[in-house]
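Visitor: I have a structure open and would like to learn how to read its features. Could we go through them one by one?

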Amino acid sequence: MASSKLKTLLIYKYLKDFSDENNPLSTTDLISLLEKDGLKCERKSIYADINTLNAIGFDIVSAKSPKRGFFMGTRRFELPEVRLLVDAVSSAGFITPDKTKQLVEKLETLVSANQAKELVSQVYIDSDTKCDNEEIYYVIDFLHEAIRNKHKVKFTYKRRNIDKENHLAYTQKTFKVSPYALIWKNDHYYLVCNNEKYDNLMNLRLDRIRKISNLDEPSRDFSEVSDYTESFDVSDYSSQMFNMFSGEKIKATLLCDLDLREEIMDRFGAKIPLTAVDIDHFKTTINAAFSDGLVSWIMNFGDKIKVLEPKELSYAVKEKAEKIYKLY
């Protein structure tokens with residue numbers, strides 16, 4: 001009886017690990033795999049095991065062409081879904097090359113061995129754009145716990161020095177903060193927090209955080225340093241940040257070329273109001289943090305966006321444009 005149960009489980013394992021629509025396993029294949037694991041069986045018992053697996057909810061499909069055999073019809077994750085996850089992990093700058101490789105290998109187990117080979121052949125990991133902080137998993141887990149328990153944390157923040165000799169050196173600064181949220185944006189992971197010395201929010205890159213520890217102090221309530229009262233609205237906050245620069249919240253009215261409607265909706269959501277001005281332009285109002293990041297984002301579109309309000313923002317764009325003009 002024990003060997004019979006083991007045989008059914010092994011057949012499920014073989015189908016999960018090695019079969020897919022293009023690579024079904026025949027009864028001969030399954031018998032051969034079982035023999036390698038020390039179990040002998042008759043061909044007809046394979047069919048009984050397949051029926052048992054289907055009876056308890058597994059989708060084992062019997063294929064007749066181009067090759068006869070069995071394969072897993074459905075999986076918890078389909079191949080396109082796993083490919084999206086692999087691409088996200090590969091492009092994420094806050095994950096080190098070693099941890100990227102480990103995560104991709106784990107994701108490969110969600111599909112068949114042949115599909116995994118196909119995935120690997122298409123994966124490119126640019127080590128030059130990856131961080132070197134092997135503490136990153138620990139930092140993420142630690143901050144999640146601190147946010148959940150609403151207590152302050154202390155850590156060192158590492159940044160690259162720049163000098164005339166181009167020496168590879170870093171400075172480290174100690175921060176004591178109240179953490180509120182973690183945001184993945186522009187392929188980096190950020191901590192949204194309050195530095196206890198100031199009355200505002202700041203965004204810090206997780207890959208630059210080292211030597212994190214708990215402080216035996218409750219976090220400062222986010223209502224004291226932001227416009228949020230009931231809960232910290234991560235989605236709203238993220239939508240207002242440009243390149244994760246923080247700043248005073250403003251309402252900005254923009255005059256945009258009609259060609260930019262998709263760009264604006266991609267950035268601010270499909271529900272943002274777009275009001276026609278003429279056949280070539282529309283007007284919209286956005287909520288944003290007044291920062292150099294916002295100014296740079298607007299300038300990225302050249303003469304296709306004009307700031308109508310507030311005047312402070314239009315002056316900032318004009319001033320930056322003049323500085324760039326003088327530079328050249």
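Visitor: Take Leu191. Which residues is Leu191 in contact with, leaving aside its neighbours within four places in sequence?

Guide: Contact means heavy atoms within 4.5 Å. With neighbours within four places in sequence left aside, Leu191 is in contact with Leu143, Phe155, Val177, Pro179, Ala181, Leu182, Met202, Asn203, Leu204, Leu206 and Ile209. Before going further: this is a predicted model, where local features need pLDDT of at least 70, side-chain atom pairs count only at pLDDT 80 or more, and totals for chains, interfaces and linings use all residues. Residues are numbered from 1 along each chain as its sequence is written, and side-chain values use heavy atoms, with hydrogens and water left out.

Visitor: How many residues does the largest nonpolar core have?

Guide: A nonpolar core is a set of buried Ala, Val, Leu, Ile, Met, Phe, Trp, Tyr and Cys residues joined through side-chain atoms within 4.5 Å. Buried means under 20% relative accessible area, exposed means over 50%, and partly exposed lies in between (1.4 Å probe, protein chains only). Here the largest core has 32 residues, and Leu191 is among those with the most contacts inside it, together with Leu143, Val153, Phe155, Leu206, Ile209 and Ile212. Helix H7 (residues 136-149) gives the most to this core, six residues. A second, separate core has 21 residues, including Ile250, Ala252, Leu254 and Ile298.

Visitor: You mention a helix by number. How should I read a helix such as H3, and where are the buried residues of H3?

Guide: Helices (H or I, at least four residues) and strands (E, at least two) are DSSP runs, numbered from the N terminus. An α-helix has 3.6 residues a turn, so residues three or four places apart point the same way. H3 covers residues 43-55, 13 residues in total, and reaches 19 Å from its first C-alpha to its last, close to the 18 Å expected at 1.5 Å a residue. The expected span is 1.5 Å times one less than the number of residues. The buried residues of H3 are Ser45, Ile46, Asp49, Ile50 and Leu53. They are on the same side of H3 because they cover an arc of only 150 degrees around the axis; the arc is that of the directions from the helix axis to the C-beta atoms. Lys44, Asn51 and Ala55 are exposed on the other side of H3. After H3 comes Gly57, with a positive phi near 115 degrees.

Visitor: Which residues of helix H2 are buried?

Guide: In H2 (residues 27-36) they are Thr27, Leu30, Ile31, Leu33 and Leu34. Seen down the axis of H2, they fall within an arc of 165 degrees, so they line one face of the helix. H2 is followed by Gly38, which has a positive phi near 85 degrees.

Visitor: Which residue has a positive phi although it is not a glycine?

Guide: Lys150 has a positive phi of about 55 degrees. Lys150 is in the loop between H7 and strand E3 (151-160), and is exposed, with a relative accessible area of 60%. Lys211, also not a glycine, has a positive phi of about 50 degrees, and is found in strand E7 (residues 209-218).

Visitor: Where is there a cis peptide bond?

Guide: A cis peptide bond joins Glu309 and Pro310, with omega about -5 degrees. Pro310 is in the loop between strand E11 (305-309) and helix H11 (311-327).

Visitor: How many aromatic pairs does the structure hold?

Guide: Rings of Phe, Tyr and Trp (its six-membered ring) pair if their centres lie within 6.5 Å; planes under 30 degrees apart count as stacked, over 60 as edge-to-face and the rest as tilted. The structure holds 14 such pairs. The rings of Phe94 and Trp184 have centres 5.3 Å apart and planes at 90 degrees, so this pair is edge-to-face. Phe94 counts as buried at 5% relative accessibility, whereas Trp184 is partly exposed at 42%. Phe155 and Phe175 form a tilted pair, 6.2 Å centre to centre with 50 degrees between the planes. Both Phe155 and Phe175 are buried.
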